[in-house]
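Keep the structure open while you read.

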Amino acid sequence: MAARRLSAVIIAIGGVVALAGFFAWLAADTQTAPVSVAPTVAAVPAGDNGLDFATEGLPGIVDEAWLDGASAATGIPHRALRAYAGAEIAFREDLPGCRLDWTTLAGIGYVESRHGTLQGGSIDPSGQQVPTIVGIALDGVSTAEVPDTDGGVLDGDKEWDRAVGPLQFIPSTWEYMGADGNLDGVKDPQNIDDAALAAARYLCRVGNDVGAAENWITAIGNYNRSVVYNNEVAEATDRYRRAILDAA
């Protein structure tokens with residue numbers, strides 16, 4: 001089945017991105033796409049909470065065969081994809097009404113850091129970003145002005161905040177959205193499991209049901225308030241979904 005191209009229907013209206021036909025695209029593919037589009041589960045729940053799959057959290061809940069096939073089809077590094085897919089599975093169990101799709105997280109990961117590979121970086125087998133990613137100072141010159149909120153703990157800057165990690169969280173957002181996706185007792189924005197779970201929480205909190213076009217737009221728009229950014233994430237999301245469908 002060929003997925004409909006989001007890139008053909010993205011238009012900017014008054015500074016807000018309108019994805020014409022997005023809801024129909026998502027609904028149709030979610031209902032009828034091959035099973036391989038959705039990540040399959042490798043472990044049974046350890047408790048009543050979907051986030052309690054396996055002892056290692058998100059890394060242990062995605063089927064390896066699915067990961068291998070999806071990584072080959074999309075070109076997404078295996079370790080990053082494991083986190084994105086694990087987050088979808090966790091939310092599918094805990095908050096199915098959000099309708100979070102791993103391809104949305106992958107779209108964000110691509111735009112923010114090329115899945116942790118910008119400037120020669122990578123995500124190691126434990127999920128850690130190597131070397132760490134720290135963005136430019138949010139000093140109001142070419143960015144929003146965001147004075148320091150964390151005393152430089154996360155970003156090393158005691159004057160201005162900087163976005164950190166492969167999914168580029170600013171410290172103030174991490175303070176209330178930070179997550180422990182690998183269940184190691186630490187909330188680290190430089191860890192892809194923690195960052196993916198935090199991003200999923202943020203999108204579902206802001207967008208509620210991100211399967212609805214207007215809510216998806218709102219959620220991505222709040223992640224980064226830019227029409228260009230919204231378009232880029234939509235295009236990457238669509239590209240990954242089409243790659244899986246074409247390979248099925």
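**Salt bridges, core and contacts**

Asp238 and Arg242 join their side chains in a salt bridge, at 3.0 Å from N to O. This is a predicted model. Both Asp238 and Arg242 sit in helix 8, four residues apart, or about one turn of the helix. Asp238 is buried, because its relative accessible area is 0% and the cut-off for buried is under 20%. Arg242 also counts as buried, at 18% relative accessibility.

The count of salt bridges comes to seven. One of them pairs Glu64 with Arg82, whose side chains meet at 2.6 Å, N to O. Glu64 belongs to helix 2 and Arg82 to helix 3, so this pair ties together parts that are 18 residues apart in sequence. Glu64 is partly exposed, with a relative accessible area of 40%. Arg82 counts as buried, at 12% relative accessibility.

Another salt bridge links Asp193 and Arg79, with the closest N and O atoms 2.5 Å apart. Asp193 lies in helix 6 and Arg79 in helix 3, so the pair ties together parts that are 114 residues apart in sequence. Asp193 is buried at 0% relative accessibility. Arg79 is buried at 12%.

Now turn to the nonpolar interior. In soluble globular proteins, nonpolar side chains tend to be buried together. Here the largest nonpolar core has 51 residues. Tyr84, Leu100, Trp102, Leu167 and Tyr223 have the most contacts inside this core. At least two core residues come from each of helix 2, helix 3, helix 4, helix 5 (171-177), helix 6 (192-207), helix 7 (213-223) and helix 8. Helix 6 gives the most, with 10 residues.

Leaving aside residues up to four places away in sequence, Leu167 touches Tyr84, Ile108, Gly109, Glu112, Ile192, Ala195, Ala196, Ala199 and Tyr223. Tyr84 and Tyr223 are, with Leu167, among the residues with the most contacts inside the core.

Next comes helix 2, which spans residues 64-74. Which of its residues are buried? They are Trp66, Leu67, Ala70, Ser71 and Thr74. Seen down the helix axis, these buried residues fall within an arc of 120 degrees, so they line one face of helix 2. Ala65 and Ala72, on the other side, are exposed. The cover over the buried residues includes helix 3 (78-94), helix 4 and helix 8 (227-247).

At its start, a side-chain oxygen of Asp63 reaches to within 3.3 Å of the backbone nitrogen of Ala65. Just after helix 2, Gly75 takes a positive phi of about 80 degrees.

Move on to the loop between helix 3 and helix 4, where Asp101 lies. Asp101 counts as buried, at 11% relative accessibility. Its side chain makes a polar contact of 2.8 Å with the side chain of Arg241. Apart from residues up to four places away in sequence, Asp101 touches Glu88 and Arg241.

Ser113 is part of helix 4, which covers residues 102-113. Is Ser113 buried or exposed? Ser113 counts as buried, because its relative accessibility is 1%. Where does its side chain reach? The side chain of Ser113 reaches the backbone oxygen of Pro166 at 2.8 Å. With residues up to four places away in sequence set aside, Ser113 touches Leu118, Ile133 and Pro166.

Finish with Glu56, in the loop between helix 1 (22-32) and helix 2. Glu56 is partly exposed, with a relative accessible area of 36%. Not counting residues up to four places away in sequence, Glu56 touches Gly181, Asn182 and Leu183.

Notes:
Residues numbered from 1 in each chain as written. Predicted model: local features only at pLDDT ≥ 70, side-chain atom pairs only at ≥ 80, totals over all residues. Heavy atoms only, no water. Buried < 20%, exposed > 50% of the residue type's maximum accessible area, 1.4 Å probe, protein only. Polar contact = N/O pair within 3.5 Å; in protein donor to acceptor, adjacent residues only side chain to side chain. Contact = heavy atoms within 4.5 Å. Arc of directions from axis to C-beta. Core = buried A, V, L, I, M, F, W, Y, C linked by side-chain atoms within 4.5 Å. Salt bridge = Lys/Arg side-chain N within 4 Å of Asp/Glu carboxyl O.
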